[in-house]
Amino acid sequence: MRTIDWVDGHIELIDQTKLPGELEVRTVTELDDLINDIKRLAVRGAPALGVAGGMGVALIAQQGLKGAELEDASRRLANARPTAVNLSWGVRRVMEYANEGKDRILEEALAIRDEDIASCYSMGQYGADLIEELLGEGQHAIMTVCNTGGLACVERGTALGVIQTMFERGTLKEALPVETRPLLQGSRLTAWELEQMGAPYRLIVDSAGPFLLRRGFAQAFFAGADRITANGDTANKIGTYSLSLGAKAMNLPVIVVAPESTIDMETKTGADIEIEDRGTEEVVNFHGVRTAPEETQAINPAFDVTPHENITAIVTDRRVIRVDRGESPSTVPLGPIRTRSN
Ligand code: MRU
């Protein structure tokens with residue numbers, strides 16, 4: 001099943017706010033509904049947002065929007081969430097064909113979808129090989145944050161895609177997803193995906209992460225990325241930075257897994273990344289129950305930035321960048337897209 005797809009002239013997406021209780025597929029026929037779905041995280045995760053960006057432009061182009069109107073609406077879509085570079089990347093990529101007509105725009109949006117599927121298999125191969133190289137043969141437990149699985153992409157994931165490949169190769173001891181407050185992408189979505197895979201896992205609360213790394217419960221920490229800057233600094237779900245510190249303190253590999261489209265060479269360092277603040281409500285309520293005094297105000301950054309000093313390697317669909325050896329996105333040439341069998 002695909003997280004987001006183009007079906008009979010409109011977009012279909014899994015409403016991730018309903019999981020794990022309900023697997024509901026939404027039909028999206030209006031741009032404003034898509035923007036709202038992005039803002040409320042019905043569709044989320046950097047690569048899925050890239051596909052949503054491309055398909056959103058295709059949707060309004062099919063409805064007859066062109067010229068300045070198409071540009072204005074596309075800008076609104078690209079700005080629905082600020083941190084994941086893939087959203088604006090997806091919009092920009094299809095808008096390059098704005099003058100070639102609606103069918104060419106749709107063709108490009110579908111190409112983004114298809115490339116995402118292929119790139120996740122490739123990341124799985126590069127990542128699982130790297131883990132064997134770093135940790136040796138045998139089975140290893142992996143801690144991970146947020147949801148970086150098929151639900152964050154189209155069919156298969158990035159960091160969770162590597163965990164899936166390890167499971168298929170027989171090298172996964174267990175996955176330890178952190179629940180990922182405040183919206184629980186780890187428990188609602190990652191645990192659900194691991195369950196579907198039949199992979200061994202145990203869920204942990206966010207604050208247990210560094211301690212469990214210290215106690216040897218996991219041999220590496222994997223994260224996805226919303227934006228990787230030219231020097232390798234990485235924005236990802238809030239909590240990634242503290243887990244990277246915990247892993248680094250124990251000399252454990254910190255592996256960032258993301259497609260090439262998440263690398264933003266125009267942004268020099270993590271200090272230049274805009275971090276989405278999602279406001280007070282998500283923090284002071286839990287499933288509709290108030291958990292803090294009425295007047296409480298919260299600071300709620302949806303993402304943090306892990307400095308490249310804390311990262312062992314960045315795995316993409318085209319290469320492994322050994323950040324711990326001084327490599328960066330600008331120093332390592334692209335390699336081939338790998339398939340399930342190579
Ligand atoms: O707020 P979200 O759920 O969109 O945040 C998602 C993440 O931080 C993911 O780790 C990232 O987008 C990579 S997804 C393969």
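In this predicted model, the side chain of Arg-44 places an N or O atom 2.5 Å from an oxygen atom of the ligand.

How much of the ligand does the protein bury? On its own the ligand would expose 410 Å², and the protein buries 100% of that area. The place where the ligand sits is the largest cavity.

**Who surrounds the ligand**

Let's look at the shell itself. There are 17 residues around the ligand, and those that come nearest are Arg-44, Ala-46, Arg-81, Asn-236 and Lys-237. Sorted by class, the shell is made of seven nonpolar, six polar and four charged residues. Which helix and which strand each supply at least two residues of this shell? They are helix 2, spanning 46-62, and strand 8, spanning 234-237. Ala-46, one of the nearest residues, belongs to helix 2.

**What the record says**

The UniProt entry, which is unreviewed, carries a "binding site" annotation for Arg-44, Gly-45, Ala-46, Arg-81, Gln-185, Asn-236 and Lys-237. From this set, the lining of the largest cavity takes in Arg-44, Gly-45, Ala-46, Arg-81, Gln-185, Asn-236 and Lys-237. That is the cavity in which the ligand sits.

**Backbone details to look for**

Now for the backbone. Most peptide bonds are trans, and most residues other than glycine have a negative phi. Against that background, a few places in the chain are worth a look.

A cis peptide bond links Leu-19 to Pro-20, with omega at about 10°. You will find Pro-20 in the loop that runs between strand 2 (10-14) and strand 3 (25-28). Another cis peptide bond joins Arg-181 and Pro-182, where omega is about 0°. Pro-182 also has its place in a loop, between strand 5 (172-177) and helix 7 (185-197).

Which residue has a positive phi although it is not a glycine? That residue is Asp-8, whose phi is about 50°. To find Asp-8, look in the loop between strand 1 (4-7) and strand 2.

Methods. Residues numbered from 1 in each chain as written. Predicted model: local features only at pLDDT ≥ 70, side-chain atom pairs only at ≥ 80, totals over all residues. Heavy atoms only, no water. Near = heavy atom within 4 Å. Polar contact = N/O pair within 3.5 Å; in protein donor to acceptor, adjacent residues only side chain to side chain. Areas by Shrake-Rupley, 256 points an atom, 1.4 Å probe, with all protein chains shown as cover. 1 Å grid on protein atoms, 1.4 Å probe; cavity = no way out; pocket = protein on both sides within 12 Å on 5 of 7 lines; lining within 4 Å. Sits in = over half its atoms within 2 Å of the grid points. Helix = DSSP H or I, 4+ residues; strand = E, 2+ residues; numbered from the N terminus. Nonpolar A, V, L, I, M, F, W, Y, C, P; charged D, E, K, R; others polar. UniProt positions renumbered as here; feature names shortened; annotations may be inferred.
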